Amino acid sequence: MPGLSGDEIRKRLDAARLYLCTGDRPDLAEFADAALAGGVDIIQLRDKRDGAPLEARQELAALEILAEACARHGALLAVNDRADIAAAVDADVLHLGQDDLPVPLARRVIGDEPVIGRSTHDRPQAEAAAVEEGVDYFCTGPCWPTPTKPGRPAPGLDLVRSTAALGTARPWFAIGGIDAERLPEVLAAGASRIVVVRAITEAEDPAAAARALRAELG
Ligand SMILES: Cc1ncc(COP(=O)(O)OP(=O)(O)O)c(N)n1
Ligand SMILES: Cc1nc(C(=O)O)sc1CCOP(=O)(O)O
Ligand SMILES: [Mg+2]
């Protein structure tokens, strides 16, 4: 099945408000279906439970499950860190951290169609990501210290405020420690898009959790 065009991916990215990162899990297909039915726009496979990435074969198998779920729900499929895996599964999105592949090298591997996202953790990084060629969106955080990313200092909502003040047209997401209770503070700080992990992966009812977040995001 041919992938989405770059134009279609960028259109969906622009409209995206709720981005979910999930690890592999025994109920991955059912979990992804529920989260996407609840309104998740982008789903990323991010499995670093023991601080180590998945073996490539396991990552490919999990991504195949997520790709089918994304096709059913019209959502975007994101791969974390690895351009080779993103190219292999025809992912819509490659997400790169500050220490991952430089964007021009990643582009050589994945081509021009998929979008590339960048993590940022301070104001200079956010300013750079807002203008760097080849970056289509960026994330700022953590908004709160989070056990999902142990050891990463949290710049807090100040970084969300200063990113909002950039007035960039490039889509950006707030990340880190966000749940339904804290979401109003994140929105008040100027974000209109968020990334979550535990708020949905640890929810008893992932569809309801996603729906509650999506309702506040508009
Ligand atoms: C959408 C999204 N935003 C931020 C991250 C974090 O990326 P990174 O800083 O490279 O850390 P790891 O997730 O790779 O441990 C992300 N994965 N996705
Ligand atoms: C994967 C990740 N990256 C972050 C960053 O700041 O770049 S914070 C984070 C973990 C977010 O998980 P939760 O929603 O469970 O707090
Ligand atoms: Mg990374």
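Two residues are in contact if their C-beta atoms, placed from the backbone, lie within 7 Å. Keep that in mind. Also remember that this is a predicted model.

An unreviewed UniProt entry lists Asp81 and Asp100 under "binding site". They span 20 residues in sequence, yet no two of their C-alpha atoms are more than 6.2 Å apart, so they gather at one spot. Where is each one? Asp81 is in the loop between S3 and H4. Asp100 is in the loop between strand S4, residues 93-96, and helix H5, residues 103-110.

Now contacts. Leaving out residues up to four places away in sequence, Asp81 touches Gly97 and Asp100.

Buried or exposed? A residue needs 20 or more other C-beta atoms within 10 Å to be buried, and 12 or fewer to be exposed. Asp81 has 18, so it counts as partly exposed. Asp100 has 17, so it is partly exposed too.

Next, helix H3. It covers residues 56-73, and its 18 residues should span 26 Å at 1.5 Å a residue. The end C-alpha atoms are 25 Å apart, which agrees. Buried residues in H3 include Glu59, Ala62, Leu63, Leu66 and Cys70. Why that spacing? An α-helix has 3.6 residues a turn, so residues three or four places apart point the same way. Among the elements covering the buried residues of H3 are helix H2 and strand S3. After H3 comes Gly74, with a positive phi near 70°.

Last, ligand 2. It has 18 residues around it, and among the nearest are Gly141, Thr146 and Arg198. The shell has eight nonpolar, seven polar and three charged residues.

Conventions:
Residues numbered from 1 in each chain as written. Chains lettered and ligands numbered in written order. Predicted model: local features only at pLDDT ≥ 70, side-chain atom pairs only at ≥ 80, totals over all residues. Near = placed C-beta within 6 Å. Nonpolar A, V, L, I, M, F, W, Y, C, P; charged D, E, K, R; others polar. Helix = DSSP H or I, 4+ residues; strand = E, 2+ residues; numbered from the N terminus. Expected span 1.5 Å × (residues − 1). UniProt positions renumbered as here; feature names shortened; annotations may be inferred.
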